[in-house]
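Please consult the sequence and structure alongside the text.

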Amino acid sequence: MEKSQGSKSEKAKIHITGMTCTTCAATIEKGLAETLGVEKANVSFASEKASVEYDSSKVDLATISQTISQLGYKVATTKSIFPVSGMTCASCVNRVEQALSSVPGVVSANVNLASEKATVEYVEGTDVVAMRRAVEEAGYGLGSEVATLEDVTTSAQREIRGLRNRFIFAFVLAVVIMTMSMGPDFLWKPYLLWALATPVQFWTGWRFYKGAWGALRHKTADMNTLIAVGTSAAYFYSMVAVAAPALFAADIELGLYFDTSSMIIALILLGRFLESRARGQTSEAIKKLIGLKPRTAIVIRDGKEMEISVEEVQVGDLILVRPGEQIPVDGIVRQGYSSVDESMITGESIPVEKKVGDMVIGATINKMGSFQFEATRVGKDTTLAQIIRLVEEAQGSKAPIQRLADVIASYFVPAVIGIAIVTFIIWFFLGPQPTLTYALLNFVAVLIIACPCALGLATPTAIIVGTGKGAENGVLIRSGEALERAHKINSVLLDKTGTLTRGEPTVTDIIAAPSFSEAEVLRLAASAERSSEHPLAEAIVKAASEKRLKLFQASDFKAMPGHGVEAMADGKKLLVGNLLLMRDRGLSLDGLKKEADRLWSQGKTVMFLGVSSQIAGVIALADTLKPNAREAVGSLHRLNAEVVMITGDNRRTAEAIAREAGIDRVLAEVLPENKAQEVKRLQDEGKVVAMVGDGINDAPALAQADVGIAIGTGTDVAMETSDITLISGDLGGIVTAISLSKRTMRTIKQNLFWAFAYNTALIPVAAGVLYLAFGHTGVPSGLHFVFGNYGFLNPMLAALAMAASSITVVSNSLRLRTFKPVRFEKLMEGGKQMAIDPVCKMEVDEKKAAATSEYKGKKYYFCAVGCKKAFDQNPEKYLAGKSK
């Protein structure tokens, strides 16, 4: 639920059951739009949700729910019981009910004074904390939920169970009716058939009448109209033939079609049941995300640990997380160290190291140690809540390709009714005897075989599965339109710093003079730089720390801006800086000049170490490529996309990075404000451009691009401007997004082809066009059950074909669940081979591993001796864990 600032306009997402085609969704949209106080309504048939904007001063959710019910559909809500404290009389009950009812999303609230409990019915996304706050402001207390009487999932499952039960009832009676119809005649047989068909027509088939009436009230027609009219024609014709045969001319051969009407209803209910179950599977991804929501958190308040509901966690709370526990909300680590499994959010299976100052994401799993973190985002602001919101919005959006299907579907039902009427007239006046029988059967067959459902489901089911699959793998696609555009991308523009590279300098080369070793050069340089706050100094100190070098205590430290630093360490005067500093102090480069030139030509920053009166070595630093960057660029090439790098760096540095990554084209020395112009220039060349960036200065370029892709580790501004967000920051996500888009669009086109081909081919068959081929020669004996003697389609088989068409479309969309994202086999980091510690699952550079062990002929690398000891005691335990 959302509430607009400074107005009474509110938004609600409502889960609706009972829709059978896109016309149902259009009927609900029209009905809601005509409701006083409703400002905007958008209904998605595939996701079974309505997004409604309304003025709460004119209309409430109870009225909106009632409107949907009057149209013949149901609102799926959650019903929960909460304990209420502080009530003393009946007027207290009134005030609590009013307080709860005022919360956006609450449909109804009933408070019992005797039991001191409130039963609240509310739609998805309603903020329970807002309920508690409203009750507290009224002067009472609302405790934690004690029971859920029914949630949205339960309501949807009840709908599916109802379809199954009604199908079984209808099918059993239909089989009995068919068997009796083909059996010997007896006195009361027509009346018995009538009696058996009546509950099938008006109890199991009531949903069709209800839906047709709701559509008729709003001067439209839908799938329910076709079924209700078709089965009613067969049923009432048969009823009149039994009750008043004298109304027909004496020379007309009267037939009874109770078996036809009953079996059609049974088969359509079977189709609806299978379709509903399959459609439920399309939204498995969003259900998984919602299922990730943590329930409780251990907070530390006033020095005491207490377990509370996650809804009660406030920004600034200090939260304790033990090994194996779920992190309840987003925050920053304040104490402790651990590794965290973020695969459920980012799609990356390798746990991420967390130390003081690092961000943690709610719903992820703590693997190893305990730590305490400060909550920074709670409730609807958490990363998980935002992901769920984005995915729901994407699944409810429409792709441009859907517009054609929607336009056709809007004219489809009236056109089919027109074709059915024309069919009846033609066969009644021009058909073979008995003309009424053939006219009626063809009329019913046309109405029943037409399937706007397949058209309506073709695009949205694929979008729901596609966006859900993307979210499972750390790729958030903002809309169906973005998903469609992404498959056309042929130029990928990568921002260099922070997107293609790590965004921080790293030591890449150490070259020592003849009388020094590489380790000695790094140790002395780091000892001098330890007191500096310059990013290059921090990179040198970090490199020494990674190599576990013991640094000297430095004294007489002096920073020289634009040049470098000087200090005393190990009894030696040390200089660390650029070439200008070395020349100022009169130090000769000797044989290191050639090496320095080589490193400069690669676009690297070169630092010199001077010891006393000579140069001891050269240290090169660069903003290194992210792991898998080269592999990602190669994969983009295989998708026929040109890869362009854009940067504000000088051309020499930019081209060096581009060569290393295998990039086709470089746009160097581009000012931040000119990035959007460069995107426009590429578009003017006829390119469909994807811009990938992570900073605030990338936002205009992301907006200008055909598809803006934001790195999730970047800023919120970039993420808000983008069409696609990569949560993990792994460039493989770009390949995944484009590949998923191509696969989804291929599925949509297959679905639309099937839906159009089915209706185009079979409606004429149902109208009796095959009579032209078989009318005089007769239908081959093997096809009599399907086409009778003259080529007329059996209406019962028309119902079966109609059900099969929808199920085919949904099943084809479900195949998208088998999509596998790009996974690069080798993790290369700055040219170093990386391995995975089988115990803590951390990345380990094989050359820097603290310990190694061999088991069954394979070598394993460990980040700490403790991990090796644990592994050696029980290798199978950790290898089994690795394979999960």
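**Overview**

The model is predicted, so local features need pLDDT of at least 70 and side-chain atom pairs count only at pLDDT 80 or more, whereas totals for chains, interfaces and linings use all residues. Residues are numbered from 1 along each chain as its sequence is written, and side-chain values use heavy atoms, with hydrogens and water left out.

**Confidence**

- The protein chain has an average pLDDT (the predictor's confidence in each residue, from 0 to 100) of 80, and 86% of the residues score at least 70.
- Confidence is lowest in strand S33 (residues 828-829), with a mean of 37, and highest in strand S13 (residues 318-321), at 93.
- Over residues 825-832 the pLDDT is below 50, and the model gives this stretch 20 contacts beyond near neighbours in sequence.
- Residues 1-6 also stay under 50 in pLDDT, with 15 contacts beyond four places in sequence.

**Architecture and surface**

- The secondary structure of the protein chain consists of 32 helices and 37 strands; these are DSSP runs numbered from the N terminus, with helices being H or I of at least four residues and strands E of at least two.
- Of the 884 residues in the protein chain, 54% are buried, where buried means under 20% relative accessible area, exposed over 50%, and partly exposed in between (1.4 Å probe, protein chains only).
- The protein chain has an accessible surface of about 38,800 Å², 55% of which belongs to carbon and sulfur atoms; areas come from the Shrake-Rupley method with a 1.4 Å probe, and for residues only the protein chains shown count as cover.

**Cavity**

- The structure contains one cavity of 30 Å³ or more; on a 1 Å grid over the protein atoms alone, a cavity is a set of points where a 1.4 Å probe fits but cannot get out, and lining residues have an atom within 4 Å of a point.
- The largest cavity has a volume of about 40 Å³, a volume being the space filled by probe spheres set on the points, which are joined across faces, edges and corners.
- Its lining is formed by Ile268, Gly271, Arg272, Glu275, Cys453, Met802, Ala803 and Ser806.
- Helix H9 (258-282) and helix H30 (795-814) each supply at least two lining residues, and H9 gives the most, with four.
- The lining comprises four nonpolar, two polar and two charged residues; Ala, Val, Leu, Ile, Met, Phe, Trp, Tyr, Cys and Pro count as nonpolar, Asp, Glu, Lys and Arg as charged, and the others, Gly among them, as polar.

**Lys30**

- Lys30 lies in helix H1 (residues 22-33) and is partly exposed because its relative accessible area is 34%.
- The C-alpha atoms of Lys30 and Val43, 13 residues apart along the chain, are 9.8 Å from each other.

Definitions and conventions: 1 Å grid on protein atoms, 1.4 Å probe; cavity = no way out; pocket = protein on both sides within 12 Å on 5 of 7 lines; lining within 4 Å. Contact = heavy atoms within 4.5 Å.
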